[in-house]
Structure formats: C-alpha cells, structure tokens
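Hi everyone, thanks for coming. Let's take a look at this one together, and I'll walk you through a few things.

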Amino acid sequence: MIPLSHFLLISAVLFCIGLYAVLTRRNAIQVLIGIEFMINAAVLNFVAFGRYDKIAGGGQMFALFAIVLAAAGVAVALAIILNVYKYFKSIDPTKTDTLKD
Amino acid sequence: MEGLNFIENRALIALLAAILPLFSFIIILASKRGGGANLALSGISLSFLLSIYLFSQIWNAAPEHKQLSWFLMGKVQFYAGILLNNLSVLMMVLVSGISVLVHIYSREYMKNDPNIQRYWAYLGLFCFSMLGLVISDNLLLIYLFWELVGFSSYLLIGFWYSKQAASQAAKKAFIINRIGDLGFLTGIMIIYTQFQTLDLVTLFGDNGLISKASIENDLWISGSQNLPEIWLSIAGFAFFLGAMAKSAQFPFHTWLPDAMEGPTSVSSLIHAATMVAAGVFLIARIYPVFNPIVLDVMVWIGAFTAFMAATIALTQNDIKRILAYSTISQLGFMVMALGIGAYSESIFHLTTHAFFKCLLFLAAGSVIHQLHHYCEKNNHEFNYQDIRLMGGLRKRMPFAFWGMCLASAALVGIPLTSGFLSKDSILIRTFEWTATRDGIFVILPWLMVLTSWLTAFYIFRLIFKVFFGEPREIKANKLGLINDSPGQMTYILLVLSFFCSFIVFAFNPASFESSWLWKGFQVSFIKEINYFHWMVPLILNSGSFLVIFLSYRTYVTGKGIKSMEGTWIYHLSNREWFFNEIYNFMFTRTVEKLSLLSYRFDRTVIDGLVNSIAAFTKIISSVADWFDRRIIDGLVNATGTVSGYIGRFFRNFQSGRLQHYLTTMLLVVLSIFILSYLI
Amino acid sequence: MIMGIEQIIFYFFAASVLISALCVVVMKNLVRSIFLFFVTLFSLAALYLFSLADFIALTQVVIYAGGVLVLMLFAFMLSNRELLNSLKPSASGFKVNNFAGILISILFLFILLSAIISTDLKQLAWIQESVPLSPADNTTHQIGIHTMTTYLLPFEILSIFLMMALIGAAHLARKGNKA
C-alpha cells in the first residue's frame with residue numbers, strides 16, 4: 001500500500017503551488033485556479049485519511065462536501081469576475097485598486 | 001550788596017568791569033545775526049570807565065580785598081576773591097584802555113571780514129580773562145584766568161583758521177603756553193604744600209607767610225611745615241617757567257613770531273601790550289617767593305632773550321615779525337629788571353611799552369591794510385607784509401609814518417619820550433646793581449647797552465625801508481593810488497602817539513623818579529649811585545643817534561654798512577638762531593614718531609584684539625548657527641522625515657491590491673508560526 | 001527498494017499532478033494553463049483511486065473536470081478582449097513582486113513538510129484504533145448510508161447552499177447589472 005505520508009506530501013506541495021498561484025498571478029481566473037488547487041489539496045488530504053475511517057466514513061464524506069462547495073464557490077466567483085470585468089474592463093487584480101489609501 | 005553803597009563796594013565794581021566783556025562775548029556768540037561791534041565796544045568802554053574810577057580810588061590808597069568761599073574739597077576750603085592794589089588797578093586801566101583803542105581800530109581794520117562776529121566775541125573773552133587775571137586774589141584763580149588768557153590767545157591767533165599757517169601758529173602758541181602752565185601749577189602745588197593757603201595777601205603781603213618763613217639748617221620752615229630748602233628754589237623756578245612761556249622768554253619764545261598770523265589788531269592788543277605782559281605781571285605779583293638763585297637766573301635769561309631777539313630782528317623782512325622780535329626783546333628787558341630787583345622800573349617799562357608797541361603794531365597795520373587794499377583793487381599780487389617790497393610811503397601815508405616814528409623813538413629811548421624814562425631807568429638800575437656784583441655780571445649792563453643800540457638800528461631800518469626811498473614793488477606812477485588809512489584808524493594812531501610822549505608819565509622829562517607811576521611802586525632793593533643817573537642816558541642816547549644815522553646811510557643812501565647777506569652771521573640771525581629747526585628736530589619729530597607708534601600699536605594690537613574678539617564671536621556664532629541649523633533643526637526635520645517615511649511605508653500596505661493583502665496576512669501568520677516555533 | 005507496479009503508477013500520477021500544477025501556475029498563456037488544469041484534475045482523480053475512494057474520484061471528474069473547468073473556459077471566453085491583450089508576454093524571468101509569493105509558498109511548504117515528517121503517523125491514536133478500508137468495500141453504498149444518517153444535516157444545508165449559490169450567481173451574472 002501507499003504510505004499515508006506520501007499522500008500528505010503531495011497534498012502539501014499542491015497546496016503551496018496553489019498558494020503561489022493565488023499570490024502572484026495577474027489574471028483573476030488563474031487566481032481562481034490557484035484556489036481550486038488549494039481546495040483539491042485539501043480534498044486529497046481528506047481522502048488520504050479517509051482510508052482509515054470505515055466506521056464513520058468521515059473522510060470521504062467531507063471530501064464530497066468539499067467538492068460541492070468548491071464548485072459553488074467557483075460559480076459565484078466567476079459571476080463576480082464577470083461583473084468586475086464589466087466595471088474595470090480588466091480582470092487583473094492589480095488593476096482593481098480603487099480602495100487604496 | 002546788603003546795605004552797602006554800590007559806589008563804595010569797589011570789589012563789586014572791579015568784578016563788574018571784568019564781567020562786562022564776558023557778557024558781550026556770550027551775547028555776541030549767542031546771537032545769530034552778524035555784527036556785535038557796538039555791543040563789544042560799549043562793553044569794553046564801560047569797563048574802561050569803571051577801571052578809571054577804581055584807579056582814582058585805589059591808587060596810593062589802601063588796597064581792597066574781598067573774598068567769598070568758593071568750594072570745599074575734603075576739609076579744605078578754597079576762596080575766590082578780588083584784590084585791588086596799585087598793580088591791579090594800573091593793569092586794569094592799561095588793559096581796558098588799550099582794548100578800547102583796539103576795538104575802535106578794529107571796526108575799520110576788520111570791516112569786510114565775514115567772520116567779524118566771532119572776532120568781537122573772542123575779543124570780549126580775552127578782555128574778560130585778562131581783567132580777571134589782574135584782579136584775582138589767590139593763585140588758583142590767577143591760574144584759571146591765566147589758562148583762559150592762553151585759550152583766548154589761541155582762538156584769536158587762529159582766527160583765520162582756514163589758513164594752515166594760522167592754525168599751526170595757534171597750536172604752537174597754546175602748546176608752549178601749556179608747558180609754562182605746568183610750571184605754574186607745580187609752583188602752586190609746592191606753595192600749597194608748604195603754606196596750606198593760596199591767598200596772595202596771606203602769602204605775599206607785608207607780613208606774609210613767605211617773608212616769615214626762614215631757611216635754617218637746609219630746611220624751609222614755615223609754621224609747622226618743613227620742606228628741604230631746595231623746594232623754595234624749585235617753586236621759584238616753576239613760577240618763572242610759567243612767566244617765561246607766557247612772556248616769550250628764551251627758550252619759550254618761538255611762538256610769538258608765529259603768532260603774527262593773527263589779525264594785526266589782535267597782535268597789537270595781545271602780543272604786544274597785554275597778554276605777554278601777564279608773565280611779567282605774575283612775577284611782580286608773587287615777587288617775594290623768588291630767592292636770590294632764581295633771581296640771578298631770571299636776570300641772565302632776560303638779558304639773553306633781549307640780546308638774542310634784537311640780533312634776530314636785524315635781518316627779518318616781514319614787518320610784523322620785526323615787531324614781534326622787538327616785543328620779545330623788550331620783555332627780556334622787563335624780566336631782567338625784575339631779576340635785579342628793579343620792581344617799579346619794570347612795571348613802568350611794561351606800561352610805556354604797552355603804548356608804544358601798540359602804536360607800532362597799529363601803524364604797521366595801517367600800512368598793511370592800505371597795501372592790501374591796493375593789491376585787491378589793482379590786481380597786483382605781492383606779499384604786502386614784506387618790507388623789501390615797500391618804499392617811499394612817507395608821502396602817501398603821513399599819519400602812519402609819524403605815528404611809527406614816534407613809537408620807534410619811544411622804543412629806542414630818545415629823550416622826551418616815555419620810553420626814555422622807562423628804558424633808561426632799567427639800564428641805570430642795571431649799572432647800579434652790577435656795581436655790587438662781580439665776576440661775569442660785569443658784562444651784563446654793556447650787553448643791555450649793545451641790545452639798545454641794536455634796537456635802534458633795526459627799528460629805524462624798518463622805518464627807512466618802508467617809508468623812505470623809491471618804491472620797490474609798486475611802480476612809481478601807481479604810488480598815487482595808495483592813501484592813508486581811513487578815519488577811525490588814524491584817530492587811534494593819534495591818541496596812542498600822545499601816550500608815547502613823556503607828558504603822560506612825568507612832568508620832568510629827564511628824571512624817572514619824578515614819574516607818578518614809578519612812585520606808585522617805589523620799592524628800593526638797589527643801592528643808588530648817582531653817577532649813573534646822568535652817565536648812562538648820555539652814553540646810551542648818543543650811541544642811539546649814531547646808530548640811527550648809520551642805519552639811515554645804509555638803507556636810504558646806500559653808503560653805510562655793506563650788505564652782509566650770505567655770511568654765517570646773517571644766516572644765524574635770519575633763521576632766528578635755528579630755534580624752530582632745533583625744536584622741530586628735538587621735540588616735534590619725536591612726538592610725531594611716538595604718536596605714529598602708538599597709532600600703529602592701537603591699530604594692530606588694540607584694534608587687532610577687538611577685531612579678533614569680534615572674529616572669534618563671529619566664529620562662535622557661526623558654529624552656533626551651524627549647530628542650530630544642522631543639528632537642532634536637523635533633529636526636528638529628521639523627526640518629520642522619519643514620520644513621513646514610516647507613514648509612507650505603512651501606507652504602502654493599503655495598496656488596494658488583493659494579492660498584497662493576502663500576502664501580508666500570510667506573512668503575519670507565518671511569522672507567528674516561526675516565532676512560536678522559536679520561542 | 002523494490003517497487004511494485006502499484007507504486008510506479010502512483011508515482012507517475014503523483015508526478016503528473018505536480019508537474020501539471022506547476023505548469024499551470026507558471027505559464028503565461030491562459031488557455032494552456034486552463035487545459036493543463038484539466039490534466040491536473042484528472043491525475044488527482046487517479047490519486048483518489050489509490051486511496052480507495054472511487055466515488056470521490058468519479059465525482060471529481062464529473063464535477064470538476066466537467067463542470068468547473070468548462071465554466072472557467074466559458075468565463076474566459078466571455079471576458080475575451082482585454083484578456084487577449086494582457087496575454088502579451090511580459091518580462092521573462094521572475095519579477096521582483098513574485099519574490100514575496102515564492103517566499104511565502106516555500107515557507108508554508110517548509111512548515112507543512114516539517115509537520116508531516118515529524119509526525120509518526122503510525123503511532124497516531126485514532127489510526128491505530130481505526131478500521132481501514134479494504135479494496136473490496138463498497139464505498140458508494142457506505143457513502144449513501146452515511147449521507148442519510150450521520151451527515152444528514154450537512155447534506156440538507158449543502159443543498160440549500162447550492163440553491164443560494166445558483167440564485168446568487170445567476171443574479172450576479174445577469175445582463176444590465178451594474179453592481
């Protein structure tokens with residue numbers, strides 16, 4: 001069997017890659033992709049631990065819920081991105097700085 | 001006044017007589033518009049009348065002495081008062097009388113001078129100080145007026161101060177006078193130390209302290225005070241020094257010829273008749289203080305001065321300078337007379353000399369005035385005071401000529417003049433005195449006889465060169481343009497000529513003992529020898545006539561003594577025995593070098609010190625400024641700038657950019673993680 | 001060590017996930033990154049299978065790859081004009097403002113890795129007491145039961161939540177809305 005730590009390692013790396021994408025990309029959709037990476041890393045984590053939980057099956061359940069929530073979140077986020085695009089004519093997060101001091 | 005009748009309060013009258021010219025001085029100076037001639041003349045005339053009145057009251061009567069307390073210094077009380085005796089009232093009449101004459105003369109002589117207001121004011125000041133001098137009753141007051149007389153003389157010599165020579169001459173006169181004043185002051189101090197009083201009557205009266213003081217065991221004893229005997233001589237020398245400087249004795253005579261830069265009327269009043277007589281007056285006033293040593297020195301100085309001045313006058317060419325040296329010479333006679341003890345003869349000669357010397361000066365003034373007038377009118381520039389350029393004025397200016405002749409006769413001592421009485425009296429006394437002395441003193445009277453003959457020569461040289469012969473500078477045809485002086489000047493000459501005759505002073509023209517003036521002072525210190533009373537005048541006057549004839553031949557006909565120009569004797573005489581050069585070398589240049597040295601010291605060291613302090617202060621202030629600007633302000637500015645930086649730094653966190661916010665949050669979380677891991 | 005075929009396939013899929021994820025975040029070309037995202041999702045699904053979560057894997061493929069990804073593609077296409085302009089290549093290499101992102105990512109990775117490595121997973125209490133899944137288990141059946149019994153409330157809330165998201169997203173994205 002694959003050791004548990006391998007899964008955890010992969011999920012950690014994937015999470016950090018997603019974090020990097022959120023922090024440094026100049027396109028809102030790519031930021032969204034980064035967020036998705038982070039959520040997917042969390043889901044992988046759930047699933048990895050869920051292998052040991054036959055009684056309550058919590059790992060896999062939460063993984064399901066997480067996927068659903070992620071999908072909803074993406075939908076709403078894309079709607080917001082569309083509105084932002086209509087207003088700012090750009091989806092570069094660095095261009096939406098009207099709240100700056 | 002206090003109940004005392006004004007007429008009887010003679011001291012008050014004397015004070016009034018002295019004060020009147022002072023009032024005229026103050027009023028004339030204070031008033032703006034020009035003029036003041038009438039005010040000055042009325043003031044001095046009034047003084048003259050009061051002096052005549054006092055003379056009539058005091059002469060040969062009891063002296064008047066009144067005092068007021070003046071000031072208190074510590075525990076010592078000083079008095080100021082008026083002493084009127086024969087000497088005082090005689091001098092009062094003399095001074096005010098000659099002043100009145102000169103005032104009237106000046107009205108015409110100084111008529112077109114733009115500064116005439118100052119002239120009247122200064123004359124008033126001078127008359128006040130001279131009158132005050134002769135009536136003062138204590139040495140301190142005499143000193144005060146002495147100084148004031150010197151000051152007025154300075155003002156009047158330098159009257160035309162825009163002329164360099166005039167202001168230099170005024171300075172010279174004042175400085176040499178000051179040297180004498182130093183002596184006078186020293187004498188006052190010594191007298192005060194010894195006697196604790198400066199009052200004339202107390203000191204020099206008949207029972208005065210001076211006569212009561214005795215010399216024992218090399219000590220000068222008076223009352224409770226003892227000083228070494230030498231101090232009496234020193235006091236005498238000190239007072240004599242004061243008199244020497246004021247009366248232009250050798251070696252302090254150099255100021256008098258230069259003082260001729262002033263107006264001629266001033267020269268006649270001050271430097272012939274009155275101020276220069278002040279020195280002789282002082283010696284006469286304090287006569288008891290001089291001991292035999294000082295008197296002998298006085299004799300020799302007087303004699304030498306007389307001889308030296310006469311030799312110099314022989315070759316001078318400026319008309320006023322000749323008269324100045326003549327004054328010096330006659331003053332030497334007076335001083336010598338006092339030295340040998342011929343008190344009354346000296347005063348007598350002082351009085352007669354005042355009149356005929358004044359006449360000489362005023363006549364010379366007439367000549368100068370008319371020639372100056374001629375120069376201006378005809379655009380003919382020449383030195384109108386040089387006798388070599390004059391000549392033949394006898395026909396054109398008869399009054400001046402005859403006035404000058406009479407005065408010269410009096411100067412020489414021709415019989416029937418006043419000068420005959422006074423001058424011969426001095427010479428007779430000299431012969432009598434030296435009869436009791438031996439040694440070097442034997443040549444003294446013959447020296448004076450020689451001086452008298454020289455006097456005759458030079459004064460008639462002047463007359464012959466000015467009034468006789470052919471005109472040298474002015475062309476003969478233009479001589480007609482010169483007239484005699486205007487009315488007022490001529491009248492004065494006439495009045496003074498009258499006073500040169502013997503009538504005024506004695507009814508017997510041959511005997512001076514019959515003169516009322518001489519009798520007023522009859523003080524006999526010298527043993528009389530009758531032989532001299534007719535021998536001396538005989539020798540003297542015959543010699544004078546010969547000399548006058550010689551002079552006539554030399555200067556009018558040209559067949560007398562040939563010209564000695566170019567010889568060393570001539571040079572010695574013409575250059576005034578090189579006194580000015582000697583003094584310049586010894587004193588003036590030293591003082592100038594010293595002054596330059598102290599100027600340099602002052603500029604480099606003192607000013608350098610001050611400047612360096614200033615520079616130092618500037619440096620400190622610039623340091624303080626730097627400190628204030630850079631550090632203090634810098635601190636304040638730095639605070640502001642740092643706040644700005646911090647503010648801007650933290651402001652950048654609110655960039656409005658989403659990813660920056662996220663970055664910041666994660667950074668904080670990470671730092672919490674790391675810190676909690678480390679701690 | 002000797003690796004069975006299972007490990008090899010696992011490492012292959014793991015590598016695929018990581019490499020495609022890296023390419024997604026590094027690439028400038030947005031279209032390519034979205035398609036590489038696609039690859040990542042699929043590889044993740046394969047990894048789920050190795051953890052005996054077959055239903056999750058399928059759900060992942062269906063919802064993520066089939067829903068989310070397509071939605072992103074549509075959104076990208078709708079905001080086309082400006083995006084194509086911003087696709088022009090910027091300065092190559094790392095920009096300075098990437099530095100903070102890299103730093104934070106690496107630090108986080110460091111923290112996570114140190115947490116994972118230092119934990120002895122075999123000694124965890126609940127793992128030792130747990131009953132692990134076996135490949136023969138019918139996870140779908142178990143998930144169904146768990147949904148209706150243990151996790152009923154979250155399930156219901158989730159459905160309401162989905163409805164809200166749907167209504168909200170539809171409202172936000174409607175035409176003419178200037179909000």
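So, where chain A touches chain B, the contact takes 10 residues from chain A and 9 residues from chain B; two residues are in contact if their C-beta atoms, placed from the backbone, lie within 7 Å. On the chain A side, that's 4 nonpolar, 3 polar and 3 charged residues. Here Ala, Val, Leu, Ile, Met, Phe, Trp, Tyr, Cys and Pro count as nonpolar, Asp, Glu, Lys and Arg as charged, and the others, Gly among them, as polar.

Quick housekeeping: this is a predicted model, where local features need pLDDT of at least 70, side-chain atom pairs count only at pLDDT 80 or more, and totals for chains, interfaces and linings use all residues. Residues are numbered from 1 along each chain as its sequence is written, with chains lettered from A and ligands numbered from 1 in the order in which they are written.

Now chain B. It has 24 helices and 5 strands, taken as DSSP runs (helices H or I, at least four residues; strands E, at least two) numbered from the N terminus. For contacts in chain B with a separation of 6 or more, 78% are between residues 24 or more positions apart.

Let's zoom in on one helix pair. In chain B, the axes of α3 (residues 86–109) and α11 (residues 264–273) come within 9 Å and cross at roughly 165°. Axes are lines fitted to C-alpha atoms, for helices over the stretch in contact, with angles from 0 to 180 degrees between N-to-C directions. α3(B) and α11(B) are therefore roughly antiparallel, the word for angles over 145 degrees. Who meets whom? Among the α3(B) residues in this contact are B:I98 and B:Y109, and α11(B) brings residues including B:L269 and B:A273. By class, the residues of this contact are 6 nonpolar, 5 polar and no charged.

Terms used: Parallel < 35°, antiparallel > 145°, perpendicular 65-115°, else oblique.
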